[in-house]
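Please open the structure in your viewer and keep the selection tool at hand.

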Amino acid sequence: MRRGPPTPGAKTSSGAMETDGDLLRRLSERETLALEVLYARYASYVMGISLRMLASREEAEEVVQDVFWQLWKAELAYDPTRGRFSTWLFSVARFRCLDRLRSRERALPRASLHELEATAAPDDQEAETCLVERQKEVRAVLTSLPGDQRTAIELAFFHGLTHGEIAERTGEALGTVKSRIRRGLIRLRDALPHLEIGRGGES
């Protein structure tokens with residue numbers, strides 16, 4: 001396996017419907033597809049946490065790569081008795097980010113994962129878990145959207161691109177991208193009225 005997890009958009013048809021526990025068992029047997037599915041399932045959330053904490057896309061991407069690479073190498077050990085895998089994974093990501101923030105202030109010592117878990121706010125962990133559940137709902141409804149709308153919304157919501165960046169990547173006019181996102185969001189709001197779905201990306 002190459003250095004670093006698969007890139008977003010990798011094909012993960014086999015195993016996509018398996019539970020985290022099933023995938024982790026397969027991962028312990030060195031099945032690369034299990035890592036690819038976990039990456040597709042959670043990388044965008046880890047990226048969001050890292051971007052919020054570090055305010056640097058480059059560093060956030062490095063954190064994502066580091067977390068999933070160490071998961072593959074079994075350097076990170078998940079204990080199911082301590083909570084959900086998603087909550088644990090987000091705690092690991094926060095630890096990596098805090099470690100980088102501390103390294104910027106060279107006088108401060110490196111944090112340990114134990115220290116982070118001891119100080120992590122339960123409400124914050126619950127919020128991250130809630131985010132996962134909500135985005136799973138959104139992803140399920142996204143499959144019913146026309147392909148162009150789905151692509152635009154995924155790039156905005158799950159990859160953090162602005163409208164201008166989406167237009168550049170897809171080769172579409174900026175106005176077309178905005179229109180597709182707007183129409184797609186309207187359909188999402190209609191299908192998921194209990195969720196607060198806002199605009200994805202900036203113009």
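Begin by selecting helix 8 (residues 163-170) together with helix 9, whose axes lie 9 Å apart and pack at an angle of about 110°. Helices here are DSSP runs of H or I with at least four residues, numbered from the N terminus. Axes are lines fitted to C-alpha atoms over the stretch in contact, and angles run from 0 to 180 degrees between N-to-C directions. The model is predicted: local features need pLDDT of at least 70, side-chain atom pairs count only at pLDDT 80 or more, and totals for chains, interfaces and linings use all residues. Residues are numbered from 1 along each chain as its sequence is written, and side-chain values use heavy atoms, with hydrogens and water left out.

Helix 8 and helix 9 are therefore roughly perpendicular to each other; angles under 35 degrees count as roughly parallel, over 145 as roughly antiparallel, 65 to 115 as roughly perpendicular and the rest as oblique. Next, display the side chains of His163, Gly164, Ile166, Ala167 and Thr170 in helix 8, which meet Leu174, Val177, Lys178 and Ile181 in helix 9; contact means heavy atoms within 4.5 Å. By class, this contact of helix 8 with helix 9 comprises five nonpolar, three polar and one charged residue. Ala, Val, Leu, Ile, Met, Phe, Trp, Tyr, Cys and Pro count as nonpolar, Asp, Glu, Lys and Arg as charged, and the others, Gly among them, as polar.

Colour Val177, Ser179, Arg180, Ile181, Gly184, Leu185 and Leu188, which are buried (under 20% relative accessible area, 1.4 Å probe, protein chains only).

Move to helix 1 (residues 20-28) and helix 2 (residues 32-54), whose axes come within 8 Å and cross at roughly 140°. Helix 1 and helix 2 are therefore oblique to each other. Select Asp20, Leu23, Leu24, Arg26 and Leu27 in helix 1; they meet Leu33, Ala34, Leu35, Val37, Leu38, Arg41 and Tyr42 in helix 2. The residues of this contact divide into nine nonpolar, no polar and three charged.

The contact of helix 2 with helix 3 has 15 nonpolar, three polar and three charged residues.

Note on methods. Buried < 20%, exposed > 50% of the residue type's maximum accessible area, 1.4 Å probe, protein only. Helix = DSSP H or I, 4+ residues; strand = E, 2+ residues; numbered from the N terminus.
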